[in-house]
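Please open the structure in a viewer and keep the selection panel at hand. The stops below say what to select next and what is there.

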Amino acid sequence: MSKPLVTIGVAALGLALGTAALLEAREPAASRAPQKPAATTAAPAISPKPIIDQYCVTCHNQRMKTGGLVLETLDVNNPAANADVWEKVIKKLHSRVMPPANAKRPDPDTYKALIAGLEANLDKAASAAPNPGRPAVHRLNRAEYTNAVRDLLAMDIDGKALLPADNSGYGFDNVADVLTVSPGLLERYLLAAKKIARLAVGDVTMRPATTVYDIPYMTLVQDERMSEDLPFGSRGGVAIKHYFPLDGEYEIKLRLQRNSLNIGNEIRGLDVRNQIDVRLDGTRLKVFELGGRKYGAGSYTETEDVEDAGLKLRFKARAGTRTIGVSFNRDAWYVEGVGMSTLPPASDGYASGRKTETAYGRVNMGIDRVDLTGPFDGVVPAESPTRKRVFTCKPIAGQEEACASTILSAVARRAYRRPLAAADTRTLLQFYKAGRETSGFDGGIEKGLVRILTDPDFLFRIERDPAGVKPGTNYRISDLELASRLSFFLWSSIPDDKLLNHAVAGQLRNPVVLDQQVKRMLADERSNALLNNFFGQWLLVRNIATVRPDAKSFPEFDENLRAGFQRETELFLQSQLREDRPITDILTANYTFLNERVARHYGIPNVYGNHFRRVGYPAGSERAGLFGQGSLLTVTSYADRTSVVIRGKFILENILGTPPPPPPANVPPLENTKVEGSLRQRMEMHRKNPVCANCHAQLDPMGFAFENFNGVGRWRTEDGKTKIDSTGALPDGSKFTGPNSFRAAVMNHSEAFISTLAEKMLTYALGRGVEAYDMPTVRQIIRQSESDGNKWSTFIANIAKSMPFQMRRAES
């Protein structure tokens with residue numbers, strides 16, 4: 001590819017972006033009549049003003065201005081005039097953070113009356129003047145792009161290799177305001193489109209290329225079955241999902257792990273005879289046998305290169321995504337029916353010399369790297385999932401252009417998330433003809449696919465104000481726009497044909513149809529994107545893939561445990577949604593999903609094997625719910641120790657919805673305070689400083705609730721030689737001791753958690769930050785969901801039926 005062609009392509013894409021912004025909407029304005037949300041909160045029995053004057057103005061007045069907040073001059077009977085301030089006050093009241101514990105506080109009934117009064121006035125004002133907001137033009141982020149290509153072309157791509165990471169805003173990487181566009185990014189999109197189109201069509205001119213799959217060495221122990229895609233009775237190795245672009249021959253080459261001391265070229269475990277099983281989609285390709293010979297002094301490393309070099313083979317593969325499995329056959333050294341935890345540990349042979357739970361008396365051979373090269377003598381596949389999806393007709397002499405039009409129009413309809421206009425088809429056929437002249441029919445389709453994948457209507461979610469709508473007025477978005485919002489909310493991908501057909505027919509705005517579609521989409525495996533992208537970012541557990549606990553502080557942590565933590569949380573969240581449980585069950589559920597490795601780490605007996613299964617907790621277990629899972633406990637710790645501040649901040653910000661202000665400048669970190677004694681004593685140093693006390697009085701007790709869990713989630717009763725003290729109190733004075741007691745205290749204020757969840761999920765669904773004018777909608781979602789027991793499907797459907805999700809404000 002020459003550089004001038006790339007430059008022209010980027011310029012053309014930029015021109016298309018500008019042109020798209022000027023296109024008019026195709027739906028008449030009459031079908032988008034503005035709607036107002038109904039006021040659902042009854043007027044309070046008492047006025048909020050006397051309560052505010054008695055309990056709040058003492059500190060928040062013109063003279064003291066505590067926390068930079070002055071309530072004395074605000075009209076509490078007209079909170080809409082300062083809605084942003086009063087919404088923050090409501091959050092503080094819900095979580096009982098204010099008034100502070102050392103000040104005079106209202107009784108529970110007075111709290112409820114004050115909250116009800118403020119909310120009623122705000123909701124009434126919002127009903128009279130609704131504001132659905134105006135999301136910006138939304139570029140597909142990397143995850144959405146990857147999923148969209150998968151669903152459009154039936155092709156799995158490595159989005160991380162093709163596109164850079166996205167910025168985040170309001171805690172999520174799908175917020176439109178931070179999804180910026182640069183010339184460099186446009187060029188990456190163009191290069192990605194060319195590569196994807198070439199793979200989709202199957203270009204026989206492509207040369208063999210090598211893909212290298214490295215397996216972590218120091219921290220991935222290969223003593224157990226590593227994946228459910230590997231055969232029973234195996235250990236170690238790796239299961240690889242690889243996209244084969246053509247039917248043809250491919251070569252696989254294996255490299256074995258060397259001794260970590262880097263002495264010579266010693267292969268680990270070569271003194272024992274090993275069988276290496278190589279499979280394609282579960283079908284055995286070959287079994288390599290090596291090792292088990294007795295080497296004399298000085299001859300050990302001389303023959304190993306020969307042994308290693310022989311671990312390669314050629315095989316035939318059909319085009320598409322296939323699973324390559326490489327594993328060792330587990331030999332009789334392992335005792336059948338006995339869990340690994342019952343066997344005595346021994347050195348694992350690592351350079352650190354540390355003892356691990358998974359090294360049992362000998363050093364095992366392991367896979368270090370898998371190289372896949374090809375295709376050799378590749379041919380266009382007769383049938384592959386991608387070609388079935390793309391080539392919906394076969395070209396016939398004299399009718400090639402009609403077939404090309406059918407193919408590209410079908411792909412473009414799904415990619416653009418709307419029916420095509422005649423101009424769209426003409427543009428695609430121009431690109432088809434250009435490719436057809438030099439590379440035949442398939443080459444023309446390839447050029448057409450590149451054009452689709454670089455079109456602004458694919459790369460961006462553009463909602464255009466309809467003609468005739470007055471500036472600054474509200475209107476209902478079209479069913480097609482609603483279908484896109486819904487699919488990217490639940491699937492992080494494009495609508496499927498069922499959803500798109502409902503939208504084209506104008507049926508999606510029907511609440512009954514919308515409910516049906518939400519339930520269908522949540523039952524689809526594509527809704528796993530909601531787990532990974534919403535729950536993963538809201539609960540921070542997506543970060544488990546990148547955290548690096550210190551090996552000296554936590555020698556028990558390895559890649560096996562990391563993968564186990566990740567899988568445990570994935571299965572737990574899946575069960576919450578698939579079983580349609582109450583949303584608060586995420587904090588209190590008395591079960592989880594474990595394999596032997598994670599169960600051993602948690603101290604739970606009688607769980608054997610690498611497969612995950614549902615495991616119930618006894619009543620009163622400290623591990624109940626999400627708070628007891630290793631993924632969350634690890635990502636809210638430092639590399640070498642726990643952090644009551646990080647864990648406390650997570651609770652305040654993501655569970656209770658009352659984030660603390662940023663720390664003041666020039667405050668030394670905990671490590672530099674040079675205070676001897678327990679962690680609790682060291683944290684008290686912060687609270688002695690009045691500047692720090694305001695925040696740490698709220699943060700520290702929350703974090704201490706989980707101090708019995710170390711930095712990688714293992715239960716402990718002592719930190720070094722100091723006994724763990726996990727006592728504390730919530731801002732309302734509710735005392736707790738340990739995780740279970742803390743969980744019960746939080747559930748006594750479940751309305752704060754539910755409100756936080758609604759606000760976070762609405763942010764994710766809209767792709768913009770939730771503003772003060774959205775909070776009446778948040779309360780409406782909560783009230784509507786309570787009638788059905790706060791089930792996940794009802795909660796999510798109510799977000800999809802909410803005014804900000806279904807409406808938009810015209811540009812002023």
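Select helix 3 and colour it by burial: A83, V85, W86, E87, V89, I90, L93 and H94 are buried, where buried means under 20% relative accessible area, exposed over 50% and partly exposed in between (1.4 Å probe, protein chains only). The model is predicted; local features need pLDDT of at least 70 and side-chain atom pairs pLDDT 80 or more, while totals for chains, interfaces and linings use all residues. Residues are numbered from 1 along each chain as its sequence is written, and side-chain values use heavy atoms, with hydrogens and water left out. Helices (H or I, at least four residues) and strands (E, at least two) are DSSP runs, numbered from the N terminus.

Helix 3 covers residues 83–94, which makes 12 residues. From its first C-alpha to its last it reaches 16 Å, close to the 16 Å expected at 1.5 Å a residue; the expected span is 1.5 Å times one less than the number of residues.

Move on past the end of helix 3. R96 follows the helix and has a positive phi, near 65°. Further along, the peptide bond from M98 to P99 is cis, with omega near -10°. P99 sits in the loop between helix 3 and helix 4.

D123 is buried at a relative accessible area of 5%, and R779 is buried at 6%.

Next select D173 and R542. They form a salt bridge, and the closest N and O atoms are 2.9 Å apart. Here too distant parts of the chain are linked: D173 is in the loop between helix 6 and helix 7, R542 is in the loop between helix 16 (528–538) and helix 17, and 369 residues separate them. Is D173 buried or exposed? D173 is buried, with a relative accessible area of 10%, whereas R542 counts as partly exposed at 33%.

While in the loop between helix 6 (159–162) and helix 7 (183–201), select Y170. Y170 is not a glycine, yet its phi is positive, about 55°.

Select D497 and R413, whose side chains meet in a salt bridge at 4.0 Å, N to O. D497 lies in helix 14 (residues 497–504) and R413 in helix 10 (residues 400–416), so the pair ties together parts that are 84 residues apart in sequence. Both ends are partly exposed: D497 has a relative accessible area of 38%, and R413 is at 23%.

Then select R134, E463, D465, R485, R808 and E811 together; salt bridges link them in a network. The count of salt bridges comes to 49.

Which residue of strand 8 stands opposite Y243? Select T321, which is the one facing Y243. Strand 3 and strand 8 (residues 320–329) pair in the antiparallel sense over 9 bridges. Strand 5 (residues 274–280) is joined to strand 8 by 5 bridges and also runs antiparallel to it. Here V278 stands opposite V326 in strand 8.

Select G374 and P375, which are joined by a cis peptide bond with omega about 5°. P375 lies in strand 9 (residues 367–379).

Finish at D580, in the loop between helix 17 (559–578) and helix 18 (585–588). Its phi is positive, about 50°, although D580 is not a glycine. At 22% relative accessibility, D580 counts as partly exposed.

Terms used:
Two strands pair if DSSP finds at least two bridges between them.
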